[in-house]
Amino acid sequence: MVAFGDALNDAVRKMPPEMTAHCVEYQTLKEEVYCTSREKKLGAPQSNLTNPFLQLLNHSIDQLNRYYSAELQRTQTRLLSLHRTAAAADGKTAIDSLKEEARSIGDHLVLLESFTKINSIALVKICKKYDKNHHSNTMSWLTMRMPEEPINALKLDPYLLRLSDVWQAVREAEAGASAEGGVWTAPTSFERSTTKYWVKTNEVLLVVTKILEHVPCLIYGRKNPGKARSKAQMLMDTIDQNTGFWSWISSLYLDNQSLDCYHTRLRRDEGAQLLRLRWYGLACGKEVFVERKTHHENWSGEKSTKERLGLSTDQVPDFLGGNLKMDKQLDALAISGKETPEVVDKLKTLSAEVQNSINELNLKPCVRSVLVLHSRCSYHTFLSLFRRMNDVFVALNCQPHSSLAAHLYVHRALC
């Protein structure tokens with residue numbers, strides 16, 4: 001097992017000198033733990049105000065906070081300046097210089113995350129060591145203090161989202177065309193090929209910044225930023241600390257008492273189906289989707305599919321009970337031009353088949369899954385350059401406070 005001091009030194013060596021200078025002075029604190037312990041044995045009186053270890057600990061925390069806050073402010077300035085430049089760019093602009101600056105900002109965000117993680121661990125380690133040698137309770141004090149400190153309270157999420165917008169503006173400038181505006185709408189049916197990867201948790205942010213170079217972050221319900229904002233709006237722009245980067249997704253799976261759906265999916269039986277209700281966010285909003293996923297083996301010649309039907313929240317009980325027929329509501333979509341007759345016919349079939357499955361298999365709401373620990377990050381191609389909005393879908397599921405590896409799913413639409 002590698003000693004933490006060695007792990008800290010290894011992490012610090014990978015940081016630039018100006019960042020290294022603001023790291024926790026772990027070795028000095030460690031020496032002070034034993035020095036204070038010897039003084040205590042000699043009977044030297046000490047209070048919390050005069051305790052050299054606690055003074056140095058407070059100084060280290062203040063130093064971390066000052067540096068981290070200043071770096072975030074500097075990163076915000078760089079991001080907003082680059083976003084304005086990219087949004088005003090045309091085909092003659094040096095696109096390579098915009099990309100280089102965007103990559104530099106992404107790399108710096110990765111370094112900042114590493115800086116906060118390793119120094120937070122260092123504080124915990126040294127407080128535990130102090131408590132062990134002095135029979136003290138410094139860890140309780142640290143646990144209560146740290147959540148409110150800038151190094152923990154100021155998240156990188158808003159900066160990642162703005163970096164996503166920056167890369168989108170750069171791609172638009174390079175392509176010479178703006179992306180379509182409006183809010184992204186998920187397709188009602190999707191045949192896809194999926195590739196899965198393992199990602200080390202300490203490399204998740206690095207992977208995210210590399211993905212953002214190619215496709216933007218998708219927050220359900222958020223409009224594509226593009227170049228829609230005016231120059232005046234861009235000049236007044238700031239980065240909102242309350243902006244989230246990770247999407248919350250809630251699912252309610254249908255099954256019977258024998259868990260037939262679960263077992264057939266687990267065995268990956270040909271034609272195995274999964275039925276669920278899905279909504280975006282923690283609380284159930286105005287819209288809920290009824291989704292059906294169907295698995296097909298390669299030998300069947302068919303592709304696995306995911307189909308969905310949108311309902312208003314108050315329609316869900318009647319739909320599950322078989323008391324709501326969707327034909328008239330779906331016909332209205334075709335009449336209004338919101339959906340083509342072909343899509344409406346597929347939705348009618350899906351609605352009828354889902355209700356038949358619920359009735360025949362006696363399916364009830366069985367298991368609810370809320371992606372609270374498992375954050376989900378989704379990306380889509382907004383550029384008209386890609387022709388179809390749903391060509392590529394990348395989902396990243398991870399547990400931010402776990403040592404388990406993250407799951408990276410790359411879905412490609414099948415033509």
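Where is Glu213 found? You'll spot Glu213 in the loop between helix H9 (204–212) and strand E2 (217–218). Keep in mind that what you're looking at is a predicted model.

- Glu213 has a relative accessible area of 15%, and because buried means under 20%, Glu213 counts as buried.
- If you skip the neighbours within four places in sequence, Glu213 is in contact with Arg103, Trp167 and Arg171.

**The chain as a whole**
- The secondary structure comes to 14 helices and 10 strands.
- The chain has 415 residues, and 43% of them count as buried.
- Take the contacts in the chain between residues at least 6 apart in sequence: 72% of these join residues at least 24 apart.

- Cys261, for one, is in no disulfide: the nearest cysteine sulfur belongs to Cys366 and is 9.2 Å away, whereas a disulfide needs the two sulfur atoms within 2.5 Å.
- Cys261 is at 10% relative accessibility, so Cys261 counts as buried.
- Cys35 is at 24% relative accessibility, so Cys35 counts as partly exposed.

Notes. Residues numbered from 1 in each chain as written. Predicted model: local features only at pLDDT ≥ 70, side-chain atom pairs only at ≥ 80, totals over all residues. Heavy atoms only, no water. Helix = DSSP H or I, 4+ residues; strand = E, 2+ residues; numbered from the N terminus. Buried < 20%, exposed > 50% of the residue type's maximum accessible area, 1.4 Å probe, protein only. Contact = heavy atoms within 4.5 Å.
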